[in-house]
Amino acid sequence: MSIMVGQPAPAFALPDHLGQSHQLADYAGQWVLLYFYPQDDTPGCTTEACSLRDNLPKFSAVNA
């Protein structure tokens with residue numbers, strides 16, 4: 001399944017770091033930030049994580 005930028009995300013549920021399941025539907029009407037990265041312990045992973053960290057104030061400003 002391909003999702004293009006700007007398209008709604010499909011329904012899904014994923015566990016958090018504590019094992020609690022979260023469904024996208026639980027956040028209806030809210031901004032949600034989904035973070036995907038290419039592979040652990042790679043330069044791309046680090047670059048994306050740093051970009052996310054550096055832009056956190058922008059995401060927080062829109063309550064994401």
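## Why these labels?

Analyst: Asp54 and Arg53 are both exposed. This is a predicted model, with pLDDT of at least 70 needed for local features and 80 or more for side-chain atom pairs, while totals for chains, interfaces and linings use all residues. Residues are numbered from 1 along each chain as its sequence is written, and side-chain values use heavy atoms, leaving out hydrogens and water.

User: How do you know that Asp54 and Arg53 make a salt bridge?

Analyst: The rule asks for a side-chain nitrogen of Lys or Arg within 4 Å of a carboxyl oxygen of Asp or Glu. The side chains of Arg53 and Asp54 come to 2.8 Å, N to O, so the pair passes. The count by that rule is one salt bridge.

User: Why is Phe36 called exposed?

Analyst: Exposed means over 50% relative accessible area, buried means under 20%, and partly exposed is in between (1.4 Å probe, protein chains only). Phe36 has 63%, so it is exposed. You'll find Phe36 in the loop between E2 and helix H1 (43-54); helices (H or I, at least four residues) and strands (E, at least two) are DSSP runs numbered from the N terminus.

User: And what makes Leu34 exposed or partly exposed?

Analyst: Leu34 has 36% relative accessibility, so it counts as partly exposed. Leu34 also sits in the loop between E2 and H1.

User: What makes Val32, Leu34 and Phe36 a nonpolar patch?

Analyst: Patch members need over 30% relative accessible area and no salt bridge; nonpolar side chains (Val, Leu, Ile, Met, Phe, Trp, Tyr) are joined within 5 Å, like charges within 9 Å. Val32, Leu34 and Phe36 make such a patch, of about 290 Å². The area comes from the Shrake-Rupley method with a 1.4 Å probe.

User: What makes a space the largest pocket here, and how is its lining made up?

Analyst: A pocket is an open set of points on a 1 Å grid where a 1.4 Å probe fits, with protein on both sides within 12 Å along at least five of seven lines, and lining residues have an atom within 4 Å of a point. The largest pocket holds about 320 Å³, counted as space filled by probe spheres set on the points. Its lining has 13 residues, with Ile3, Gln7, Pro8, Ala9 and Leu34 nearest the centre. By class that lining has 11 nonpolar, two polar and no charged residues; Ala, Val, Leu, Ile, Met, Phe, Trp, Tyr, Cys and Pro count as nonpolar, Asp, Glu, Lys and Arg as charged, the others as polar.

User: What about the second largest pocket?

Analyst: About 270 Å³ lies in the second largest pocket. Its lining has 13 residues, and Phe12, Leu14, His22, Val32 and Leu34 are closest to its centre. Strands E1 (13-15) and E2 (21-23) each supply at least two lining residues.

User: Why do Val5 and Ser60 get their labels?

Analyst: Val5 has 88% relative accessibility, so it counts as exposed. Ser60 has 42%, so it is partly exposed. Val5 lies in the segment before E1, and Ser60 in helix H2 (residues 56-61).

User: What makes Asn63 worth a look?

Analyst: Most residues other than glycine have a negative phi. Phi of Asn63 is near 60 degrees, a positive value. Asn63 lies in the segment after H2, and its 64% relative accessible area makes it exposed.
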